[in-house]
Amino acid sequence: DEPQSRRSKEDAEDEVSGRGVISLLQEFVQCSKNFPTPQHRPILQWTFDTHMADNTNLEFRAQVSFLLDGVPHHVAGAWQQSKKLAQRDTAERCLGLFVGCWGTYLLQTTESSDAAVDMQDDPVLALQKFCSSFRPCNGQGPTWCIDMEAGRCKATAEITLLGVRHSFAGSPAQHASEAKE
């Protein structure tokens, strides 16, 4: 009976700490004053993938979607042994990037125009110039992926920011060059 009660206490502590990091993420997302979150909708929308790690162990990967300053974000965590652990892992990764990495970068930044570009440039060229001069991109420009959807081109720009790969999808267009804009 002793091991069962000890395990229950540890599970309860894990539950509290897990909710803590998820609650922190929710509070962080909700703190935007310029883009308040929509009412009557969940702030964090969770989905889970599953796969078999081996013949006997099922693993879970959590993905969370949310609006941060009006921009949709989708973050996936690592494979974990339970949904609860997968959810915590994803929340920790979100906070690590948005609060940790970006926070550190912003505190170290002194210049106001880290990556000034001429907005009269072609949008694809402007993005390339921006990425080349914006320190969090490490001088790497975007890589492009063009997919066909219902006979139209859809472009996705993949950019590495602070060591994390980001994907930005555009609207479908008739031609690939238009889809990149």
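The lining of the largest pocket draws its largest share, seven residues, from helix α2. The model is a predicted one, in which local features need pLDDT of at least 70, side-chain atom pairs count only at pLDDT 80 or more, and totals for chains, interfaces and linings use all residues. Residues are numbered from 1 along each chain as its sequence is written, and side-chain values use heavy atoms, with hydrogens and water left out.

The largest pocket has a volume of about 830 Å³. Its lining holds 26 residues, and His73, His74, Leu97, Phe98 and His166 are the closest to its centre. Elements giving two or more residues to this lining are β3 (71-76), α2 (83-108), β5 (152-161) and β6 (164-169). By class, the lining has 16 nonpolar, seven polar and three charged residues. Here Ala, Val, Leu, Ile, Met, Phe, Trp, Tyr, Cys and Pro count as nonpolar, Asp, Glu, Lys and Arg as charged, and the others, Gly among them, as polar. A pocket is an open set of points on a 1 Å grid over the protein atoms alone, where a 1.4 Å probe fits, with protein on both sides within 12 Å along at least five of seven lines. Lining residues have an atom within 4 Å of a point. Grid points are joined across faces, edges and corners, and a volume is the space filled by probe spheres set on the points.

The second largest pocket holds about 200 Å³ of space. It is lined by 14 residues, with Leu127, Trp144, Ala157, Lys180 and Glu181 nearest its centre. At least two lining residues come from each of α3 (123-133), β5 and β6. The lining divides into 10 nonpolar, two polar and two charged residues.

The protein has four helices and six strands. Along the sequence they follow the pattern α-β-β-β-α-α-β-β-β-α. These elements are DSSP runs, numbered from the N terminus, with helices (H or I) of at least four residues and strands (E) of at least two. Of the 181 residues, 26% are buried. Buried means under 20% relative accessible area, exposed over 50%, and partly exposed in between, with a 1.4 Å probe and protein chains only. The accessible surface comes to about 11900 Å², and carbon and sulfur atoms hold 51% of that area. Accessible areas come from the Shrake-Rupley method with a 1.4 Å probe; for residues, only the protein chains shown count as cover. Among contacts with a separation of 6 or more, 34% join residues 24 or more positions apart. Contact means heavy atoms within 4.5 Å.

The largest nonpolar core has 22 residues, of which Leu25, Leu44, Phe66, Cys94, Phe98 and Trp102 touch the most other members. Two or more of its residues come from each of α1 (2-30), β2, α2 and β5. Helix α2 gives the most, with seven residues. A nonpolar core is a set of buried Ala, Val, Leu, Ile, Met, Phe, Trp, Tyr and Cys residues joined through side-chain atoms within 4.5 Å. In soluble globular proteins, nonpolar side chains tend to be buried together. Beyond four places in sequence, Trp102 is in contact with Leu97, Phe134, Pro136, Leu161 and Leu162.

Gly77 lies in the loop between β3 and α2. It is buried, with a relative accessible area of 12%. Gly77 and Phe48 are 29 residues apart in sequence, yet 9.8 Å apart in space, C-alpha to C-alpha. Asp89 is in helix α2 and is also buried, at 11% relative accessible area. Outside four places in sequence, Asp89 touches Gly77, Ala78 and Gln80.

Leu67 belongs to strand β2 (residues 58-68). It is partly exposed, with a relative accessible area of 38%. Beyond four places in sequence, Leu67 is in contact with Val29, Pro38 and Pro72. Leu67 and Pro36 are 31 residues apart in sequence and 9.2 Å apart in space, C-alpha to C-alpha.

Most residues other than glycine have a negative phi. Asp69 has a positive phi, near 55 degrees. It sits in the loop between β2 and β3 and is partly exposed, at 44% relative accessible area. Asn138 also has a positive phi, near 55 degrees. Asn138 is found in the loop between α3 and β4 (143-149) and counts as exposed, at 59% relative accessibility.
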